[in-house]
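Subject: Structure for you to look at

Hello,

I am handing over the structure we spoke about.

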Amino acid sequence: MVGRRNSAEPDAAAGGQASTEQSVGMARRSLFGRLGRAGRLFDCDARYARRSHSDLFTEFHQPARKRAGDDDCGLAGIPRDARVLMNISGQSNTFAKRNERILILLLCFVAAIRVLVFAAAFPFFNNVDEHLHFDLITHYSHASPPYGFAPLTEETLGWIVPYGSPEFLSAPYQFPERKFPTPLWKQSGSEVEADIAATKAAWSSEINFESSQPPLYYMLASIWWWVGKQIGIVGIQSLYWIRFLNVPLIAIVVWIGYVTARMIAPERAELRIGVPLLLAFIPQNVFYAMNNDVLSPVCFGALFLCLLQWLRASTASIGLGVVTGLAVAATYLTKLSNLPLIAVVLTAVVVKLLLMIRRTPTTGLGALAAIVVCAALPIGTWLVWTKYQFGDVTGSTQKIGLLGWIRKPFADWWQHPIFTPRGLWVFWSSLIASFWRGEVSWHGHLLDWGPVDGFFAISSLILLGSAIVGLQGQAELSTVQRQAIGIAISIFVSGVVFLALLSIQFDFGTSPGPSKAHPYFTAGRLLSGALIPFTLVYVYGTVFVLFAAKRIISPLAILTAMAVLLATSEVVVNHVAFASEHNWFHR
C-alpha cells in the first residue's frame with residue numbers, strides 16, 4: 001500500500017503538471033487572443049486615423065461605415081481588457097478637448113490684450129469719423145436719439161476740443177517748430193483759452209451725417225460709458241473706457257468663430273483652431289476706436305450660428321425662430337451695410353423652413369412667424385422713426401446730399417472704371433486691404449504696408465476661388481458642411497457686390513473718399529459683419545489647397561505662420577502711435 005501510494009504520487013504529480021501546463025497554455029492563448037484583438041483595435045484606429053488624415057472632411061454621422069469598420073476590427077463582443085483601452089482613449093479625447101478649449105480661451109485673451117494695447121496707443125479722434133460716433137454716444141447717453149442731421153452738440157465739443165489730436169490728418173512740419181503742439185488738456189493759463197475757443201469754433205459748424213445710423217451700438221456704448229462713470233472713470237480715461245468696449249467684443253468674436261468652425265467640422269482641427277487663430281490676430285484697426293462697425297461681427301456671427309442650427313435641424317423649432325429673428329434685428333440695427341448679409345442668411349433659412357413645413361406644417365409655420373415677428377417689430381419701429389425724423393426709411397437721401405454725392409442716371413452706371421480689368425483690381429485690392437487692416441491715417445498718410453496688403457488681396461482671391469472649387473470637387477464634404485461653406489462664400493461675395501453697386505451709382509463730386517479720382521466704396525469695415533464667414537472660407541481654402549498638394553506642409557503650420565505675419569505687420573504699421581503725447585500712455 002505504501003508502494004502503491006508512492007507509485008501513485010508521481011502519476012498524480014505528472015497529472016498535476018499536465019493540468020498546470022494546460023491551464024497556462026489556455027491562459028496564454030486567451031491573453032494572446034485578447035492582445036490580438038487589442039492589436040486589431042489599434043490597427044483599426046490607425047486605419048481610421050490615416051483615412052481621416054487623407055480626407056479633407058468626414059461626415060458628421062456614418063453609421064454604416066462605422067459598423068463595417070467595427071466588425072472588421074473585432075469590436076463586437078470585445079473583452080474587458082480592450083474596453084479598458086477604449087476608456088483610456090476616451091479619457092485622452094476628453095483631455096485633448098479640455099486643452100483645446102484652454103487654447104481658444106488663450107486666443108480670446110490675446111485678442112483682447114492686443115485690442116486693449118492698440119486702442120490705448122491711438123489718441124482721439126481718428127479720421128474714420130470717430131468724433132461723429134462719439135457724438136451719437138453722447139445723445140444716447142441721455143436717452144435722446146438725434147432728431148435729424150444737426151451740428152455737434154456742446155457736450156461733444158467739450159470733449160473733442162481738449163482731447164482731440166491733429167496727428168491723424170496733419171504732419172509735424174505744418175506746425176511751429178515743426179512739431180505737434182502740447183495737448184490742450186495738458187495746458188493751462190490764458191493762452192490755452194484762446195486756443196480752445198479757436199478750436200471749438202472750427203469744430204462747431206460740422207454736421208453729424210452719421211445721425212441716421214441704427215441705434216444698437218450707441219445704446220450699448222452709452223450703457224458701458226455709464227458703468228465707467230459709476231466706478232469713477234473720468235476725463236480722458238472716460239473716453240478710453242468707451243473704446244475699451246471693443247476688448248470684450250473682439251474676444252466674443254474669436255469665441256464665436258471657434259464655435260462656428262466646431263459646428264461645421266468638429267473632426268477637423270485645422271478649422272476648429274485655424275478660424276479663431278486668424279480672428280485673434282486680424283489687424284483691423286476699426287477695433288481701436290469708437291465705431292458701430294465693431295459690433296457687426298458679433299451680431300452677424302450670432303445670426304450665422306442660428307443658420308447652422310437650421311441647416312442641422314430635421315424639424316422646425318419656434319425657440320430657434322425667436323432667436324433667429326432677434327439676431328436678424330440686432331444685425332440690422334447695428335449697421336445698414338449688413339443688409340445684404342442678412343438677405344443671404346434669411347434666404348437659406350426660409351428655404352430650409354419651407355422643406356420643414358411640408359413635414360410639420362404647424363411647427364414650421366410657427367417658427368417662420370416667430371422669425372418674422374421678432375425681426376420685424378424692432379426693425380419696423382426703427383424704420384418708422386427714421387422715416388419721420390430723416391425723411392426716408394434709411395435716412396440716406398439727406399446724408400447723400402450732405403456728402404455732396406449725386407445719383408447718376410442708370411445708363412451712366414456702366415461707364416464706371418470698375419468694368420475694366422485695372423479698375424476691378426483697384427477695387428478688389430483696395431477693399432481687401434482695408435478689410436484686413438482698416439482705414440486709419442497717421443500724419444496724413446494711410447497706415448499700410450504695401451507688400452503685406454498685396455498679399456492680403458492676392459491670397460484672399462486665390463483662397464476664395466479654392467474654396468469654391470473645393471465645394472464642387474470634394475466628395476468627402478457632408479451636405480451640411482457643403483451648405484455652410486457655400487453660404488459663407490455667398491455672404492462675403494454679396495457684401496462685395498453691394499459695395500460695387502454703391503460705387504457705380506454716384507458721382508462723388510468733391511467728397512474726399514470715395515472721390516472722382518478713386519470712385520470706389522473700399523471701406524472694408526463695412527464688411528465687418530462678414531468677418532467670421534470670410535475667415536471660415538479663407539481657412540477652408542487653405543486646407544483645400546494643401547490637400548490638393550498632398551499636404552506637403554501642415555495646414556496648421558501655414559495658418560500659424562499667417563498669424564505671425566498678421567501680428568508682425570500690425571506692430572510694424574501701428575507702432576508710430578505709441579510715441580503720441582495725446583494717447584493713454586502719456587496721460
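This is a predicted model: local features need pLDDT of at least 70, side-chain atom pairs count only at pLDDT 80 or more; totals for chains, interfaces and linings use all residues.

The chain has 587 residues, and 49% of them are buried. Its secondary structure consists of 20 helices and four strands. The accessible surface of the chain is about 27,300 Å², with 65% of that area belonging to carbon and sulfur atoms. Among contacts in the chain with a separation of 6 or more, 81% are between residues 24 or more positions apart.

The largest nonpolar core contains 153 residues. Tyr217, Met290, Phe304, Trp310, Trp436, Ile491 and Phe492 have the most contacts inside this core. Helix H18 (residues 479-505) supplies the largest share of the core, with 13 residues. In soluble globular proteins, nonpolar side chains tend to be buried together.

Setting aside residues up to four places away in sequence, Trp310 touches a list of residues including Leu320, Val349, Leu353, Met356 and Ile371. Ser317, Thr324 and Lys352 are also among the residues that Trp310 touches.

The other residue I looked at is Thr156, which lies in helix H5 (residues 154-163). Is Thr156 buried or exposed? Thr156 counts as buried because its relative accessibility is 0%, and the cut-off for buried is under 20%. Its side chain makes a polar contact with the side chain of Asp135, at 2.5 Å. Apart from neighbours within four places in sequence, Thr156 is in contact with His131, Phe134, Asp135 and Thr138.

Regards

Terms used:
Residues are numbered from 1 along each chain as its sequence is written. Side-chain values use heavy atoms; hydrogens and water are left out. Helices (H or I, at least four residues) and strands (E, at least two) are DSSP runs, numbered from the N terminus. Buried means under 20% relative accessible area, exposed over 50%, partly exposed in between (1.4 Å probe, protein chains only). A polar contact is a pair of N or O atoms within 3.5 Å; within protein, one must be able to donate a hydrogen and the other to accept it, and residues adjacent in sequence count only if both atoms are side-chain atoms. Contact means heavy atoms within 4.5 Å. Accessible areas come from the Shrake-Rupley method with a 1.4 Å probe; for residues, only the protein chains shown count as cover. A nonpolar core is a set of buried Ala, Val, Leu, Ile, Met, Phe, Trp, Tyr and Cys residues joined through side-chain atoms within 4.5 Å.
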